[in-house]
Amino acid sequence: MPSKKALVRRPGPRLAEGLVTHVERRGVDVDRATEQWEAYCEVLREHGWETVEVVPADDCPDSVFVEDTVVVYRNVALIARPGAESRRAETVGVEEAVAALGCSVNWVWEPGTLDGGDVLKIGDTVYVGRGGRTNAAGIQQLRATFEPLGARVAAVPVSKVLHLKSAVTALPDGTVLGHVPQVDAPSLFPRFLPVPEESGAHVVLLGGDRLLMAASAPKTAELFADLGYAPALVDIGEFEKLEGCVTCLSVRLRDLYS
């Protein structure tokens, strides 16, 4: 049976100091963000996911965005080397967590940089965004780690948003979703569905026809419901102020060995 574990990390007290690159800085209510994070985790659990809390990294403002610290394919974890130097200390606790879950652990080494938010897996195809946080050397190291396991790694440009998964994610059938003004090259994806809202491009696959998505994309939720999916909406407004989305707040581990 596929595993259903989700790594999460509680927001730290310095969350409001988190990095922003493509948006204007706005005030972040840390208490409200913590409430939203708890509600997000509860939605995961309600849909059968076991949440595994990574040890806090309170000195790292962006540490709640745990997805950026690791990429997992099958039972192999590649510990990222974030493109923002201030985020590199975030990986220590994540490395401990994936090792405890039985993953084989690999690392991205200098001069490579790789953020997990730049990696979109659809079956055995692994799309990697080449942009501000992930460089060519990081992509080469990801390819060397995962292609021997059967992955097909495809690099795509990212210039309009922070990460690839800020621009696109995918439905259970592999159709890639994106808000067209945020996507560099929609034609690179075999099946592409434009969505009417920026945050509507971000979905977490909960299993079956169920999709976790942000409450800030009601029109896209209606579109998905009309296509036969069951959206589960969660308010992540405080994290959206920091360019966060529903994918950033967890690492879903579906293929761990039992």
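**Close-up views of a predicted chain**

Among contacts in the chain (heavy atoms within 4.5 Å) between residues at least 6 apart in sequence, 66% join residues at least 24 apart. This is a predicted model, where local features need pLDDT of at least 70 and side-chain atom pairs count only at pLDDT 80 or more, while totals for chains, interfaces and linings use all residues. Residues are numbered from 1 along each chain as its sequence is written, and side-chain values use heavy atoms, with hydrogens and water left out.

**View 1. The whole chain, before zooming in.** The C-alpha trace spans about 45 × 40 × 40 Å along its principal axes. A compact globule of 258 residues would have a radius of gyration near 18 Å, and the chain, at 17 Å, agrees with that (taken over C-alpha atoms; the globule rule is 2.2 Å times the number of residues to the power 0.38). Of the 258 residues, 57% count as buried, meaning under 20% relative accessible area with a 1.4 Å probe, protein chains only.

**View 2. An open sheet of three strands, β3-β4-β5.** The pairing in this sheet is mixed; two strands pair if DSSP finds at least two bridges between them. At the edges sit β3 (70-73) and β5 (104-107), each pairing on one side only. From one strand to the next, the twist averages 25°. Strand β4 (residues 76-79) pairs with β5 in the parallel sense over four bridges, and I79 stands opposite W107 in β5. Helix α3 (residues 136-146) lies across β3, β4 and β5, running at about 165° to β4 (axes are lines fitted to C-alpha atoms, for helices over the stretch in contact, and angles run from 0 to 180 degrees between N-to-C directions).

**View 3. Another open sheet, in the order β2-β1-β15.** Three strands make up this sheet, again with mixed pairing. Its edge strands are β2 (50-53) and β15 (251-253), each with pairing on one side only. The twist averages 30° from one strand to the next. Look for β1 (residues 5-8) beside β2: they pair in the parallel sense over four bridges. Within that pair, V8 has E53 in β2 as its bridge partner.

**View 4. The largest nonpolar core, with 26 residues.** Such a core is a set of buried Ala, Val, Leu, Ile, Met, Phe, Trp, Tyr and Cys residues joined through side-chain atoms within 4.5 Å. Y40, L44, L212, I236 and F239 touch the most other members. At least two residues each come from β1, α1 (30-46), β12 (204-207), β13 (210-214) and β14 (230-234). Helix α1 gives the largest share, six residues. Leaving aside neighbours within four places in sequence, F239 is in contact with P11, L15, A33, Q36, W37, V64, F65, G244 and L249. Apart from this core lies another, of 16 residues, among them V52, V70, V105 and L256.

**View 5. T134, in the loop between β7 (125-130) and α3.** T134 has a relative accessible area of 1%, so T134 is buried. Beyond its neighbours within four places in sequence, T134 is in contact with T113, L114, D115, D118, V128, G129 and I139.

Key: Buried < 20%, exposed > 50% of the residue type's maximum accessible area, 1.4 Å probe, protein only.
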